[in-house]
Protein chains: 2
Amino acid sequence: MFKELWQERQQLVERQLGKELDAQQPLNKTLHDAMQYSLMAGGKRLRPILLMAAADAVGADGTKFLTTACAIEMIHTYSLIHDDLPAMDNDDYRRGKLTNHKVYGDGMAVLAGDALLTLAFEVMLRQAEVPAETRLSVVREMSMAAGMNGMVGGQAIDLESEGHRIDMDTLRSMHMGKTGALFHAAIRSGAILAGAGEKELSALTTYADKFGLAFQITDDILDVTGDEQEIGKPVGSDLRNHKSTYVTLTSLSEAQQLATETVQAAEAALQPFGERAAFLRDLVRYLLARKN
Amino acid sequence: MFKELWQERQQLVERQLGKELDAQQPLNKTLHDAMQYSLMAGGKRLRPILLMAAADAVGADGTKFLTTACAIEMIHTYSLIHDDLPAMDNDDYRRGKLTNHKVYGDGMAVLAGDALLTLAFEVMLRQAEVPAETRLSVVREMSMAAGMNGMVGGQAIDLESEGHRIDMDTLRSMHMGKTGALFHAAIRSGAILAGAGEKELSALTTYADKFGLAFQITDDILDVTGDEQEIGKPVGSDLRNHKSTYVTLTSLSEAQQLATETVQAAEAALQPFGERAAFLRDLVRYLLARKN
């Protein structure tokens, strides 16, 4: 049931992302190709899935907000393209495919990222069936999460701390920005679109922040315990690169303990929603079991 | 009068841009510094000035829309930072100062641009005194102008045509995107914020597109006739770099003729607005006289 629902919605996202790009009349074909290359490269579509699941929890049909769900995936994709650039992480492969700049060149990759971020804002405005004030709130959530106080801020910490050991506080801020902020925006946007009340929004925000933390800890654990094929990078690379992670700053067993506790805290936040939050509960539990 | 009004509003923009940045709580100080370095590096603030002047023409007080005016300057600044990157134009200096990446490194410059674009969307949502629907229309104008069908699209054409001669049609699309789209969005946004009717919006859109064209032609003319100190780059550099421009694709005298005609067409579009459009008229006339 959990897997089927995920796959079903993932397919909705794939189809809608393709449509959004096809509907554009780009001034330059290569730019369009470069955007498509990364946007349609698969992936779990976790952020759109979370956005829709949060709307479900509030009692709406999450698929009504597919448009905004696609917008957040565009923001996520842009961040990966820029993150892979030689000036940043300098990665040649992502999900087993050459990274954007390896195919289209560094300049076009910068532009493809820029254009995806911009398109995200255009797309989310088209979200139907919600009042203008609500759409404005969602644009606000997204812009704050994606910017200097959120995702880009986290990337800047990451860039600046390259090659240094960092302490637990800095690690936490970095991840809260780099990955946490967009999970936060996905879940809050889904809730806001579905008309969540203040208490519901607050509970889902707690869930979102625990989800983000659990995601990061399990990511760090996978670097040690994962399968090279499945995680798509050599096992133990964080350790060899002297990267500070939840595992290197504590220990594997402490990190596993923290991950379990964090998932439990996320589940506890869902309590008021009962069965409507079943999918969100499964989603955070899945983090403990994931292989990539 | 014209110069005084420009300077007065330019100072309003400077002050407000500073405030907007100071109000942020960035996760990373270097990122904040890098954004500030380019955003506060002076410049004519032409796009904010146009936005406010378009609102004046519709009968509002343009300064009421200073918030949105600052947002468009952030978009413009981000585009300059990314355009100067080694992967793009590879420029070391802008307005006599080292470019962003020369001071902060390529990675931080990518992020500073990303964060300014994102901040622009956050800031424009805060525009007071207009209904939510109007603010949404402005976000739509900005995102469409800045994206793949506008500014970034034009930059992609520029990047791809490096070292080739291009024809007049391609040159026109490139500039319509690279510089025209943001002038278009500035003027239309000012008009929309001020509550322009359909006919007024249409007349100001014509003005905007003529303004953009005249701006580009006079820019190309300055490359030949300008003063090295004032234009901030060696005279004749387009010719030496085999860049296609309105001058190289026609002739200096034909380009001057076209510039004059285009400015006249822009002025003609302002006719229905009478004296309320005096500043817009002076602005487009200034293009013929500008020295940088």
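Which residues are buried in H8(A)? Keep that in mind as you click along; the tour gets there at its third stop.

**Before you start.** This is a predicted model, in which local features need pLDDT of at least 70, side-chain atom pairs count only at pLDDT 80 or more, and totals for chains, interfaces and linings use all residues. Residues are numbered from 1 along each chain as its sequence is written, chains are lettered from A and ligands numbered from 1 in the order in which they are written, and side-chain values use heavy atoms, with hydrogens and water left out. Colour chain A by pLDDT (the predictor's confidence in each residue, from 0 to 100): the mean is 95, and 100% of its residues reach 70 or more. The model scores ipTM 0.96 and pTM 0.97.

**Stop 1: the interface.** Now show the residues in contact (heavy atoms within 4.5 Å): 51 from chain A and 51 from chain B. The two chains bury about 4,300 Å² between them, 73% of it on carbon and sulfur atoms; this is the accessible area (1.4 Å probe) lost on putting them together, summed over both.

**Stop 2: H8(A).** Select residues 151–160 of chain A, helix H8 (helices are DSSP runs of H or I, at least four residues, numbered from the N terminus). Here 9 of the 10 residues are buried, meaning under 20% relative accessible area with a 1.4 Å probe, protein chains only. They are Met151(A), Val152(A), Gly153(A), Gly154(A), Gln155(A), Ala156(A), Ile157(A), Asp158(A) and Leu159(A).

**Stop 3: Glu20(A).** Finish in helix H1 (residues 2–22) of chain A, where Glu20(A) lies. Glu20(A) counts as buried, at 5% relative accessibility. Leaving aside residues up to four places away in sequence, Glu20(A) touches Thr67(A), Met74(A), Val123(A) and Arg126(A). Thr67(A) is 47 residues from Glu20(A) along the chain, with 8.9 Å between their C-alpha atoms. Zoom in on Arg126(A), whose side chain is joined to that of Glu20(A) by a polar contact of 2.3 Å (a pair of N or O atoms within 3.5 Å; within protein, one must be able to donate a hydrogen and the other to accept it, and residues adjacent in sequence count only if both atoms are side-chain atoms).

Note on methods
Buried means under 20% relative accessible area, exposed over 50%, partly exposed in between (1.4 Å probe, protein chains only). Helices (H or I, at least four residues) and strands (E, at least two) are DSSP runs, numbered from the N terminus.
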